[in-house]
Structures are given as structure tokens and as C-alpha cells.
Amino acid sequence: MTVVLVADDDADIRDLVAFKLEQAGFEVIAVEDGHTALEQARSNQPTLAVLDVSMPGLSGIDVCRMLRAEPATAEMLIIMLTARVQEQDVEGGFSAGADDYVTKPFSPRELVSRIQALLSRARA
Amino acid sequence: MRDDGSVSRLLSRAFGVLVALIVGAGLIELAVVLVQHNTVHQLTEKVQPLELANDHVADVVAGAQWAIRVYSVTGDRRTLELYDLARKGYAATVDDLRALGVGSDKAEVVRQIALMDTWWAVAEQQRAATPRSPEALRYVERAQTIFDEFSTANEGFQIALAERSDKLHRQSVVLWWATLGVASTITLGAAAIAVHTGVRTRRRILEPLRDVVEVLEGRQAGDRAARAPVHGPAELRAVAEALNAAADQSDLVRRHEQQVASRLQALDHAKTDFMSTVSHELRTPLTSISGYVELLRDPEAGELTDAQQRMLEVISRNARRLRDLIEDILTLSRIETGEFRSEVGVVDLGEVIERAIGVIAPAATKASVGLHCDVRGPLPTRGDGAQLDRMLNNLLSNAVKFTPAEGTVTIRAELHDGKVALTVSDTGMGIPADEQQALFARFFRATNAIHQAVPGTGLGLAIVRTIIDNHAGTIDVESTENVGTTVTIRLPAETEVSAVPTR
């Protein structure tokens with residue numbers, strides 16, 4: 001079963017995403033901050049991580065950069081969740097190494113299709 | 001340049017000197033005239049009459065001497081008549097002489113009269129003596145001696161008087177020339193002083209004035225530090241001081257204005273930042289609302305009643321409305337702060353229209369609204385492509401949104417009078433006439449649109465207006481309720497045709 005890491009400080013969003021992903025057949029690890037996200041990513045080696053950009057402590061972009069820097073997690077697929085649509089935020093996400101980004105407010109269905117698209121592209 | 005004195009003191013000093021010189025010249029002339037008058041008086045009233053009287057007396061006595069001598073020698077009685085005539089006339093002439101012989105002349109006159117008296121006494125005795133008698137001849141001898149003495153004295157006096165007359169005359173001539181010299185010197189001196197004072201005064205007034213004018217011109221040209229040097233006469237120092245005070249005051253006001261402006265700017269920035277932050281913060285809860293609504297409406301979450309479906313529809317619609325509002329607020333604040341911008345360059349408005357039609361076409365088809373397009377390109381204008389895209393999208397989505405099924409939206413664009421002119425006309429519900437002036441106000445929504453529950457944020461046209469202002473363009477709206485609305489936009493055309501990108 002494909003393991004997906006979901007990191008968001010907002011519990012409702014975290015539950016929403018986790019629920020939808022589990023419904024779609026993924027095994028979900030849900031965490032509420034950047035440090036835990038980093039730990040879980042290192043120990044559980046998920047195939048894909050959904051990271052909220054603005055989290056207290058380590059931001060999603062920080063976590064993304066650190067995962068890319070470690071050989072064990074460098075290949076992990078990463079999707080950023082952002083409330084900001086400004087170009088510099090999106091660019092910041094991509095330069096940190098994200099594979100895709102989704103802007104809030106997003107539809108859970110859309111998020112799942114993005115994840116599936118990313119996974120099938122990675123497998124191909 | 002000295003700092004003392006004032007213009008009035010300067011001028012009065014100069015005029016004082018001139019008046020003093022003129023009065024001095026006048027006084028000298030007056031004195032000379034008096035002296036001249038005195039000289040002439042001496043000459044005509046004293047010396048010359050005295051000369052005349054002296055001469056006259058000499059003539060009379062000489063005539064008498066000749067007559068009595070001839071009588072004594074010849075005994076001719078006719079000469080005796082001449083003698084008597086002279087004797088009679090003598091009294092008047094000697095009175096004249098005595099009257100004129102005053103002062104220093106008196107002694108000489110008295111001596112002469114004494115001599116004449118002596119002579120007349122001898123002459124009388126000679127007259128009484130028988131002519132040609134030895135007695136008579138003796139008297140002739142004596143009279144001749146006295147007459148000679150008189151004659152010598154008389155001539156000496158006559159010479160002295162003539163010399164005095166000459167001297168007075170010479171004195172008068174010398175005085176006349178001296179007066180002429182002094183008067184012309186004073187006049188020339190006065191003229192020179194007047195010229196000198198004029199030039200000096202002019203310079204002392206003009207130099208500070210020129211400085212003041214220079215400072216005024218400098219300040220007009222934007223030199224805020226320009227201050228007038230305080231020098232010259234008191235009045236001009238006062239002008240320079242007043243000018244400097246006004247400059248200080250104006251600088252102070254300017255600094256104050258700048259402070260207020262920067263405070264306002266900071267405030268405006270804070271407001272925009274706040275709006276931006278709020279819209280960002282609203283996105284997360286909005287995601288939860290619309291996300292969970294989506295989960296609920298998913299058949300996998302379980303069957304819902306029709307009523308529940310309708311309720312979820314309301315929540316969903318309002319979540320979408322909230323999302324649109326947040327987006328529009330954010331867009332507006334980003335356009336205002338200049339954050340919302342792509343590269344500024346030459347943009348063909350025809351391409352922008354084409355893109356916008358591509359975006360709106362599905363919605364128009366869905367609403368059965370016909371889209372007509374008449375673009376006579378190329379339409380080069382200078383601007384921000386992303387902002388112009390946004391402007392066109394807002395205009396077209398408004399037109400389609402407010403037009404009922406089977407209506408049409410017409411887009412026309414052409415170059416006209418150095419402007420790119422764009423009109424978007426619809427056959428929609430229009431805007432009530434009394435609401436049209438509020439059209440561009442934020443959150444304004446026409447009452448007919450609200451009644452007919454047409455969705456909208458009330459920010460679309462405010463965004464359009466801000467973008468047009470950014471591009472130095474104009475926007476005009478003509479609308480008749482239930483007939484339609486025509487929006488006309490004019491943007492400055494880019495004149496460099498070569499800069500138009502080839503399509």
C-alpha cells in the first residue's frame with residue numbers, strides 16, 4: 001500500500017485530506033508540524049508527502065528542502081499546500097524541490113487526482 | 001559692501017550734499033554780487049563824481065586865472081566879465097567838491113579849497129588893482145604862484161582818483177573772473193558728486209536686490225536650500241530676511257507635508273498588508289468548509305435527503321462567493337501596491353481580447369449568450385499583460401453574467417485618435433440611472449442585480465478602474481435599464497509601430 005505523509009497544522013484540513021486519501025486507498029500518516037513531518041519522513045519513508053507551506057516552527061518549504069538534501073528521502077514525491085498564490089511563493093516552493101503545489105481553497109477530489117497523476121508519472 | 005544705512009538715508013545723504021553745494025554756490029554768487037555792487041557804487045557814486053568835480057573846479061579856476069591875468073595885463077573889460085562869470089560858477093562847483101570830499105579825501109579837498117580860497121583872495125585884489133599898473137603886475141605874479149601850486153595839487157589829486165578808479169575797475173574784472181571760476185568749479189563738483197552718488201546708490205541697492213531675485217528664481221527652479229544674503233541698506237535687508245523666513249516656513253510646511261504623506265503611505269501599506277493577510281488566513285477555513293461539503297455530497301458519505309442536498313447547495317454557493325470575494329480583495333490590494341504585475345511592455349490588445357474570449361466562451365455558451373467580436377488590429381498599447389488580461393476577463397464576465405439567455409455581447413476594438421478604443425456592449429439588465437455614479441465604488445452592487453440574485457462581489461469594476469488608472473486610460477459607461485450597457489475604454493496607443501510584436 002502506498003504510504004502518504006500529510007503535514008498541516010490545521011486539524012480540520014489534516015483530517016479532510018487524510019480521510020479523502022484513505023478513502024482513495026492510501027495509507028496515511030498525519031502530522032501537525034514540520035519537525036514531526038521530518039521525523040516521520042525519515043523513519044517511515046513514505047512515497048509521497050503533502051506539506052502545508054505555513055506551519056509554525058519548520059515551514060513546509062524548510063521540510064521540503066531538508067528532505068531533498070538527505071539521500072534517503074531525496075527522491076520522495078512532494079506536493080505543497082499553499083494559501084498564497086503570489087509567484088514568489090510558488091517559485092519558492094519549486095526552488096525548494098516540490099513536485100507540485102495546490103492552492104487553498106482546494107477541492108479534496110482535485111488533490112487526490114493530482115496525487116494519483118504524480119504517482120503514475122513517477123512509476124512510468 | 002557695508003551693512004549700515006538705509007535707502008532713505010543713502011538718498012537723503014546724497015541729496016543733502018547736492019543741496020549744500022547748490023546753496024554754497026548761491027551764497028558765493030550773492031556775496032560776489034554784493035561786492036560788485038559795492039565796487040560799482042564806489043565808482044559811479046564817489047570816485048567818478050569826485051574826479052568830475054575836481055576836474056570841474058580846476059577848469060573853473062583855470063578859466064578865472066586866465067581871464068583875470070589877461071585883464072590885469074591888457075585891461076580888457078570883456079575878460080573881466082568872464083572872470084566874474086567863473087567866480088559866480090565857482091560857488092556851485094566848490095560845493096560839489098566839498099560834498100564829495102569825505103573820508104580819506106577830505107584832507108586833500110580841504111587843502112585844495114584852502115589854496116583856491118587863497119588864490120581867489122589874491123585874484124580879487126588883482127581885480128581891484130588898475131590894469132597894467134605895477135601893483136597889478138605884482139598880483140599877477142603872486143596869483144600865478146598860488147595857481148601853480150593849486151594846479152599841481154589838483155592834478156596830483158586827479159591822478160590819484162584816476163588810479164583809484166582803475167583799481168576798482170580791475171578789482172571788479174578780477175572778481176568777475178574769479179566768480180566765474182568758482183561757480184563753474186562748484187557746478188562741476190556738484191555734477192560729479194551727483195553722478196558718483198547715483199552710481200554708488202544704484203549699486204548698493206541693486207546688488208542686494210539682484211541677490212533676492214536670484215534666490216527667488218532658484219527656489220522656483222526647485223533649489224530648496226537657496227537663501228538670500230542679508231546685506232545692503234536696511235529696507236533690502238528686511239526684504240532678504242522676510243524672504244528667508246518665508247523660505248524656512250515653506251520648507252517646514254513641506255517637511256511636515258512629507259511626513260504626513262509618508263505616514264499616510266505607511267498607513268495605506270499597513271491596510272493593504274492587513275487585507276492581504278486576512279484573505280490568506282481566510283483561505284484555510286474556507287478550504288475546510290468547501291472540502292467537507294464536498295465530502296458530504298459524495299455518495300460514499302451516505303444518502304442525503306433532497307432538503308439536505310438543497311442546504312448543502314446553499315453552503316457551497318456561499319463558500320464560492322466567499323472565495324471570490326477573497327480573491328477580488330486580494331487582487332485589488334495587489335494591484336494597488338504594485339505587487340500584481342507582470343513585465344510591462346508593448347501589448348497587442350487584440351491578443352488580450354482573444355484570450356479573454358477564450359476564457360469566457362464556455363460560460364457564454366452555457367448561458368446561451370451570443371458573443372460578437374469586431375477587432376481591427378493591431379492595437380498596440382504599453383502595459384502590463386497580466387493586468388490587462390484581468391481587466392478584459394472582468395469586463396466580459398460582467399457582460400455575460402448580466403445578459404439573459406438569447407442576448408448578445410459585442411466586443412469592438414480599433415485605433416482611434418492615438419488611442420486604443422475598446423467597447424463591450426451587452427443587451428443585459430443595465431444599471432439604474434441613479435446608481436451609475438457609484439459604479440466603480442468597492443462592493444457596489446446594482447439593486448436590480450441583487451434582486452435578481454446575480455452573483456458577484458462588487459469588486460470587479462473597482463479592479464477594472466484601478467487597472468485603467470495604472471495605464472493612464474479612461475473608462476465610460478452608458479447604460480439603460482433593461483436595454484443594455486456599453487462600457488468604453490480608451491488606452492494610449494503605442495506609437496512605435498515597429499515595437500508591435502508580430503503575430
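Colleague: How far apart are the end C-alpha atoms of helix α6 (residues 306–337) of chain B, and what span should its 32 residues have?

Modeller: The general idea is that the expected span is 1.5 Å times one less than the number of residues. Here that gives 46 Å for α6(B), and the end C-alpha atoms are 46 Å apart, which agrees. Keep in mind that this is a predicted model, where local features need pLDDT of at least 70, side-chain atom pairs count only at pLDDT 80 or more, and totals for chains, interfaces and linings use all residues. Residues are numbered from 1 along each chain as its sequence is written, with chains lettered from A and ligands numbered from 1 in the order in which they are written.

Colleague: What comes after α6(B)?

Modeller: B:Gly338 does, and its phi is positive, near 80 degrees. By the way, helices are DSSP runs of H or I with at least four residues, strands are runs of E with at least two, and both are numbered from the N terminus.

Colleague: Which residues of α6(B) are buried?

Modeller: A residue is buried if 20 or more other C-beta atoms, placed from the backbone, lie within 10 Å of its own; with 12 or fewer it's exposed, and in between it's partly exposed. In α6(B) the buried ones include B:Ala319, B:Arg323, B:Ile326 and B:Leu330. The buried residues of α6(B) pack against α5, α8 (385–401) and α10 of chain B.

Colleague: Why does B:Gly473 count as buried?

Modeller: Because B:Gly473 has 20 other C-beta atoms within 10 Å. You'll find B:Gly473 in the loop between α10 (460–470) and β6 (474–480) of chain B. Leaving out residues up to four places away in sequence, B:Gly473 touches B:Ile468, B:Ile489, B:Arg490 and B:Leu491; a contact needs C-beta atoms, placed from the backbone, within 7 Å.

Colleague: How do I read two packed helices?

Modeller: You describe them by the angle between their axes and the distance between the axes. Take α2 (residues 34–44) and α3 (residues 60–69) of chain A: their axes come within 9 Å and cross at roughly 25 degrees. The axes are lines fitted to C-alpha atoms over the stretch in contact, with angles from 0 to 180 degrees between N-to-C directions.

Colleague: Are α2(A) and α3(A) roughly parallel or roughly antiparallel?

Modeller: Roughly parallel, a label for angles under 35 degrees; over 145 is roughly antiparallel, 65 to 115 roughly perpendicular, and the rest oblique.

Technical notes
Two residues are in contact if their C-beta atoms, placed from the backbone, lie within 7 Å.
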